[in-house]
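Hi everyone, thanks for making time. Let me put the structure up, and then I'll talk you through the ligand site.

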Amino acid sequence: MIIRPYEPKDKENVRFVCLNSEGPCKSSARGINFSLAVYCDYYIEKEPENCFVAADENDKAVGYIICTENFDVFKGRFVSEYYPKIKKWEYRRRKSALRSIVPHEKYKEEYPAHLHIDVLPEYQRMGLGHKMTDVLLEHLKKKGVKGIMLTTWIKNEKGRGFYDKYGFTLLEETKNCAVYGLKL
Ligand SMILES: CC(C)(COP(=O)(O)OP(=O)(O)OC[C@H]1O[C@@H](n2cnc3c(N)ncnc32)[C@H](O)[C@@H]1OP(=O)(O)O)[C@@H](O)C(=O)NCCC(=O)NCCS
């Protein structure tokens with residue numbers, strides 16, 4: 001397994017990992033559209049230079065860490081180009097997409113970057129998450145980014161265990177989500 005920069009050829013595998021990291025995807029077409037628009041496509045399409053993958057012996061991406069280095073830049077492009085992909089009549093999903101970035105706005109001065117990380121189930125707990133995070137953080141430090149944050153579902157035991165173990169600081173818990181940050 002190697003950790004390497006994201007390449008355009010990884011796109012479909014990265015999207016597959018996004019939808020299947022918690023087991024075979026059971027989402028509806030609308031759920032898939034939502035997950036890709038909110039958690040995946042912005043990063044690989046707009047900031048591919050801030051994305052890394054874990055690739056197997058056939059150079060196939062089985063895990064990724066994807067990131068924006070600046071929340072304000074992200075927000076402008078997300079709201080104008082990705083948010084509209086969730087149809088207007090899908091009120092619940094639209095609200096949820098905007099709610100998902102509220103903590104990022106709140107913490108953006110100290111933690112302007114944010115990330116998403118996922119590994120296919122059969123490759124979890126092999127150290128790939130740690131290795132990918134090491135690579136991303138080194139990359140961001142070289143760029144002078146001062147902090148990175150993320151949010152996760154409050155009951156996500158795997159994710160929360162991982163962030164605690166890596167050394168992220170728990171910034172806040174809301175009704176549904178836990179917010180973590182790391183100064184660089
Ligand atoms: C969270 C995740 C990215 C971690 O990547 P990873 O490559 O498995 O992590 P590492 O092997 O580097 O680190 C292992 C640590 O992560 C946590 N972890 C990873 N897989 C776990 C699992 N199946 N059950 C419980 N904890 C798990 C534990 O803290 C573990 O340490 P331990 O083995 O000593 O208990 C990965 O497990 C994953 O994709 N999970 C499903 C999707 C998800 O929750 N993504 C994060 C969304 S915010």
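Okay, start with Lys-165: one of its polar side-chain atoms sits 2.3 Å from an oxygen atom of the ligand. I'm calling that a polar contact, meaning a pair of N or O atoms within 3.5 Å. Asn-156 does something along those lines, with a polar side-chain atom 2.9 Å from a ligand oxygen. For Met-126, a backbone N or O atom is 3.2 Å from an oxygen atom of the ligand.

How much of the ligand does the protein bury? Taken alone, the ligand exposes 900 Å², and 81% of that is buried by the protein; those are Shrake-Rupley areas with a 1.4 Å probe.

Quick housekeeping: this is a predicted model, where local features need pLDDT of at least 70 and side-chain atom pairs pLDDT 80 or more, while totals for chains, interfaces and linings use all residues. Residues are numbered from 1 along each chain as its sequence is written, and side-chain values use heavy atoms, leaving out hydrogens and water.

Now, which element gives the largest share of the shell around the ligand? That's H8, with 6 residues. Helices here are DSSP runs of H or I, at least four residues, numbered from the N terminus.

Key
A polar contact is a pair of N or O atoms within 3.5 Å; within protein, one must be able to donate a hydrogen and the other to accept it, and residues adjacent in sequence count only if both atoms are side-chain atoms. Helices (H or I, at least four residues) and strands (E, at least two) are DSSP runs, numbered from the N terminus.
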